[in-house]
Amino acid sequence: MFTRHSEGLRLLSVHAHPDDESSKGGATLARYAAEGVDVLVATCTGGERGSVLNPALDGPEVRADLARVRREEMALAREILGVRQRFLGFVDSGLPGPGEPLPEGCFAARPVELAAAPLVALIREFRPHVVITYDETGGYPHPDHVMTHRVAVAALEAAADGDRHPEPGEPWQVAKLYYHLALSRAWFQAMHEAMTERGVPSGMGQVLADWPDSAPALATTTRIACAEQFAVRDAALLAHATQVRPGVAFMAHPRDIEREVWPTEDYHLARSLLPGPGTAAGPGGIETDLFAGLREEVGAG
Ligand SMILES: [Zn+2]
């Protein structure tokens, strides 16, 4: 089915808020964009209910117009990563406290089928071969992240079915769906140990101590080598200036240690139309390319 489309490879990454594309999988996007893959980020919400985590930027002007500030930050991050980006137009749900209801009209309060419609249209227009999003848990207990997972999976299925949402474009079947394994417990553990061994103070011990006893992590099926893009990832994340708390554990570790200890961003292959594991599987059957098994068929090399 892909031989008809030889214009190249297309990668769609679906995220909840501006900044998620940089903190989760940003180096992967930068690497594929640099290789000539057409990379598009879909951002479900405008991040209007995000907190201003950087005290230096926490003033009345910023708070009064956080939506605009975050659009400007996103525009800068998108340029740094070298990708295209679209907002899907939903309103940030914020992070309600225990027992607090979701704000009326917010993204996570929408029916999934309806909330998937803009993404169905985008998938049919962009025709991605590969889609990346969060797993069922959202990877992070924010209602918008869990909703992003549901909407992405629903949109993937509906986009392929011409009877659902018949109006926007020709049906399109995505070949592979991946879930992020970014910022995993294993990553924090490895970084914490490497820093401690080298006598570098690690702020990650507390992160590990606070780690919730939740379901076991998904299997790593795919590792994308992208240490060369860590600096680009960092610059893109810092472009979301209101969202980066100075000294936060993720930003504080030495990059040379990260490049040495964990030079990849990792994924779980959740769905694939291809038979068997990817043809570019490396040692231990781990894929090293999100387009493994697709390059030949797309003919983009
Ligand atoms: Zn988010």
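Visitor: How many helices and strands does the secondary structure of the chain come to?
Guide: The chain has 13 helices and seven strands. Both are DSSP runs numbered from the N terminus, with helices (H or I) of at least four residues and strands (E) of at least two. The model is predicted, so local features need pLDDT of at least 70 and side-chain atom pairs count only at pLDDT 80 or more, while totals for chains, interfaces and linings use all residues. Residues are numbered from 1 along each chain as its sequence is written, and side-chain values use heavy atoms, leaving out hydrogens and water.

Visitor: What radius of gyration does the chain have, and what would a compact globule have?
Guide: The chain has 19 Å, which agrees with the value near 19 Å for a compact globule of 301 residues. The radius is taken over C-alpha atoms, and the globule rule is 2.2 Å times the number of residues to the power 0.38. Along its principal axes, the C-alpha trace spans about 55 × 50 × 35 Å.

Visitor: And what share of the residues counts as buried?
Guide: Of the 301 residues, 50% count as buried. Buried means under 20% relative accessible area, exposed means over 50%, and partly exposed lies in between (1.4 Å probe, protein chains only).

Visitor: Let us turn to Asp 234. Where is Asp 234 found?
Guide: Asp 234 is found in helix α10, which covers residues 230-239. Asp 234 counts as buried because its relative accessibility is 11%.

Visitor: Which side chain does Asp 234 make a polar contact with?
Guide: Its partner is the side chain of Arg 255, at 2.7 Å. A polar contact is a pair of N or O atoms within 3.5 Å; within protein, one must be able to donate a hydrogen and the other to accept it, and residues adjacent in sequence count only if both atoms are side-chain atoms.

Visitor: Now Asp 19: buried or exposed?
Guide: Asp 19 counts as buried, at 13% relative accessibility. Asp 19 lies in the loop between β1 (10-15) and α1 (20-23), and a polar contact of 3.1 Å joins its side chain to that of Arg 70.

Visitor: One last residue. Where does Pro 103 lie?
Guide: Pro 103 is in the loop between β3 (84-90) and α5 (112-115). Pro 103 counts as partly exposed, at 22% relative accessibility.

Visitor: How far apart are Pro 103 and Glu 79?
Guide: Pro 103 and Glu 79 are 24 residues apart in sequence and 32 Å apart in space, C-alpha to C-alpha.
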